[in-house]
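Student: Could you take me through one part of this model closely, starting with the sheet and moving on to whatever surrounds it? I would like the cut-offs along the way.

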Amino acid sequence: MRPIKSEGFVLKKVNFRETSVILTLFTKELGKIKGILKGVRKEKSKISPLTFTQGSYIFILIYKKKSELNLLSSPELIYFPDFENKICFKIYITILNLIYLFLPEFQREENIFFLIYKSANLLQKSKKPHIIFLGFKIKFIEILGYGIKIDEPCKCGKRKNLNFFSPKAGGLVCKNCGIKEADCVKISKKEISIIKFIKKTDLDNIEVLNIKKKETERINYLCNLVLYYHSSLNFIWWQNEKDIF
Ligand SMILES: [Zn+2]
């Protein structure tokens, strides 16, 4: 069987037996894939451990298997992003963890691939990494199809005074509909206009946004409510992001 030549981000690494690792990668060609890379933890291995560390961007050969584990070989490190500070690194790892959690295997998603690629590049020189993170989050939710809808009428048909946010709908609802849903929260006009701006702006230009960290944190919280609604994770998991803001 011929291998597929690929490039991708290491989303997760788990040591396997004495000398192998199981890697989950996000590749441009195949989306998320999981495979075993044999013998790389041998003492005399010529492959640097950085090559199979979470966060590395690598070249790899993939032999697709019918079983869950594919076979990986010939890894080469292309780069590991060089971050100026711990927060940028933390955001990068959080992004990789979100991709790991929310994407199914073998679903080619070039949009997601370029979103990670761009975020990794921008985070290396960003003065406002929390805004890059929020931009990533909103665009990620859009690609997954969970929201965030702010130009649509409420499910009851109302178009005005939509000042509640529904994680289930992934968008705005009126007060009447909002109070019927347990996890709906209030949303301000300013928050709505910030989300609008981020949705229509490319990640490269998003740092022109001049908003307080608290506002970024609040909108990130709304994003997390949407992701939480679509996942089986405990809400405590989202508290990990606290020190980003
Ligand atoms: Zn309504």
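Tutor: Three strands make up an open sheet, ordered β7-β6-β8, with antiparallel pairing. Since β7 (171-173) and β8 (185-186) are at the edges with a single partner strand each, one side of each is left without a neighbour in the sheet. Strands here are DSSP runs of E with at least two residues, helices are runs of H or I with at least four residues, and both are numbered from the N terminus; two strands pair if DSSP finds at least two bridges between them. β6 and β7 run antiparallel and are joined by three bridges, and phenylalanine 165 stands opposite leucine 172 in β7.

A word on the source: this is a predicted model, in which local features need pLDDT of at least 70 and side-chain atom pairs count only at pLDDT 80 or more, while totals for chains, interfaces and linings use all residues. Residues are numbered from 1 along each chain as its sequence is written.

Now to the helices. β6 (164-166) is one of the elements that the buried residues of α6 pack against, along with α3 (129-144) and α5 (189-200). Buried means that 20 or more other C-beta atoms lie within 10 Å of a residue's own, exposed means 12 or fewer, and partly exposed is in between, with C-beta atoms placed from the backbone. Contact means that two such C-beta atoms lie within 7 Å. In α6 the buried residues include Ile219, Leu222 and Leu225. Helix α6 (residues 213-229) has 17 residues and spans 24 Å from first to last C-alpha, close to the expected 24 Å; the expected span is 1.5 Å times one less than the number of residues.

α3 packs back: its buried residues lie against α6, α5, α1 (86-102) and α2 (110-123). Twelve of the 16 residues of α3 are buried, so this helix is largely enclosed by the rest of the structure. Among them are Phe133, Phe136 and Phe140. After α3 comes glycine 145, with a positive phi near 85°.

Asparagine 161 is exposed, with 11 other C-beta atoms within 10 Å. For background, most residues other than glycine have a negative phi, and most peptide bonds are trans.
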